[in-house]
Amino acid sequence: MYLREVKKGNLFGDMAASLMLATFYGVEMQSALGWSVERRYRELTKTQMMIDEGLSRMILAENPQGMPLGMIVCTNTDSTEIQRIEAIIVAEAFRAKGIGRKLLQAAKGNKEFHAFATPKSLSWYKRNGFKVIGKHEEGTTEVTTAENVGDYKFKIRAPMPTEIDDFMVDMLKKVDQYNET
Ligand SMILES: CC(C)(COP(=O)(O)OP(=O)(O)OC[C@H]1O[C@@H](n2cnc3c(N)ncnc32)[C@H](O)[C@@H]1OP(=O)(O)O)[C@@H](O)C(=O)NCCC(=O)NCCS
C-alpha cells in the first residue's frame with residue numbers, strides 16, 4: 001500500500017480519486033447520515049472544486065496496482081492551527097488494517113484536526129486521539145485533536161453553487177423519482 005496526494009488541478013481524470021469520492025459522497029453518506037441525492041451531489045461537487053482549487057487536500061491510499069483503498073480530504077481554515085477533515089473512508093474489505101490511521105498521520109502536518117464524526121465512526125475517532133466537542137445536527141458529533149476543545153474559532157472558504165449545479169440536482173431528483181416508481 002502507498003499513499004499519494006492528488007495535486008491541485010489534477011483531480012479531474014483521476015479515476016482512483018473519483019471512485020473514492022463517489023463511494024464516500026454517493027454511497028457512504030446516504031447510509032451513514034441519510035443524505036438526499038441533492039445533498040450528496042452538492043457536497044461532492046463542492047469537495048471536488050475545493051480540491052481542484054487547492055483549498056482542500058486529498059490523499060489516497062492505493063495498492064501497488066493503483067487500486068484505491070481509501071482517502072482523506074482535509075480543508076484549510078483561516079486558522080493556522082486547525083484543519084477540517086471533510087471526508088475519510090477506507091474501502092470496506094480493507095478496514096481495521098491500519099489504513100485509516102496512516103491516512104490521518106499523512107494528513108496531519110503541524111495542524112490539529114476538526115471533524116464531524118458519524119455515529120459509526122465516533123469510536124474510531126476517539127481511539128485515534130480525538131476529543132468530543134459536542135453533538136451536532138444530523139446526529140454527527142463534533143470532534144477535535146486540539147488541546148483546548150472549546151477555545152478555537154475558524155472559517156472555511158467554500159465555492160458558491162452554479163447554475164449547472166442546480167440543473168444537475170434537478171436531473172438527479174428526476175432520476176431518483178423514476179427509481180422510486
Ligand atoms: C472510519 C474508517 C475510515 C477507519 O479506517 P480503518 O482503516 O478501518 O481504521 P484503522 O484500521 O486505521 O483503525 C485504527 C485503529 O482503530 C480501530 N478501529 C477501526 N474501526 C474502528 C471502529 N469503528 N471503532 C473503534 N475502533 C476502530 C482499529 O482496530 C485500530 O485499532 P488498533 O489501535 O488496535 O490498531 C473506516 O472504518 C471507514 O471508512 N468508515 C466508513 C466511512 C466513515 O464513517 N468515515 C468517517 C466519517 S467522516
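Reader: Where is the place of Glu 43?

Author: This is a predicted model, in which local features need pLDDT of at least 70 and side-chain atom pairs count only at pLDDT 80 or more, while totals for chains, interfaces and linings use all residues. Residues are numbered from 1 along each chain as its sequence is written. Helices (H or I, at least four residues) and strands (E, at least two) are DSSP runs, numbered from the N terminus. On that basis, the place of Glu 43 is helix H2.

Reader: Does Glu 43 count as buried, exposed or partly exposed?

Author: A residue is buried if 20 or more other C-beta atoms, placed from the backbone, lie within 10 Å of its own, exposed if 12 or fewer, and partly exposed in between. Because Glu 43 has 17 C-beta neighbours inside 10 Å, its class is partly exposed.

Reader: How many Å apart in space are Glu 43 and Ile 85, C-alpha to C-alpha?

Author: In sequence, Glu 43 and Ile 85 are 42 residues apart. In space, their C-alpha to C-alpha separation is 13 Å.

Reader: Which residues touch the most other members of the largest nonpolar core?

Author: A nonpolar core is a set of buried Ala, Val, Leu, Ile, Met, Phe, Trp, Tyr and Cys residues joined through C-beta atoms within 7 Å. The largest such core has 33 residues, and those touching the most other members are Met 71 and Ile 72.

Reader: Which element gives the most to this core?

Author: The elements giving two or more residues are helix H1 (15-33), helix H2 (37-52), strand S2 (56-62), strand S3 (68-76), strand S4 (82-90), helix H3 (99-108) and strand S5 (112-117). With 6 residues, the element that gives the most is H1.

Reader: Which residues does Ile 72 touch?

Author: Two residues are in contact if their C-beta atoms, placed from the backbone, lie within 7 Å. Not counting residues up to four places away in sequence, Ile 72 touches Ile 59, Ile 85, Ile 88, Leu 103, Leu 104 and Ala 107.

Reader: Which element gives the most to the shell around the ligand?

Author: The ligand is surrounded by 19 residues, the closest being Arg 95, Gly 100, Arg 101, Ser 121 and Ser 123. Two or more residues come from each of H1, S4, H3 and helix H4 (122-127). The element that gives the most, with 4 residues, is S4.

Reader: In which loop is Ala 96 found?

Author: Ala 96 is not a glycine, although its phi is positive, at about 60°. Ala 96 is exposed, because it has 8 other C-beta atoms within 10 Å. Its loop is the one between S4 and H3.

Reader: What is the phi of Glu 138?

Author: Glu 138 lies in the loop between strand S6 (131-135) and strand S7 (141-144). With 12 C-beta neighbours inside 10 Å, Glu 138 counts as exposed. The residue is other than glycine, yet its phi is positive, near 55°.

Conventions. Near = placed C-beta within 6 Å.
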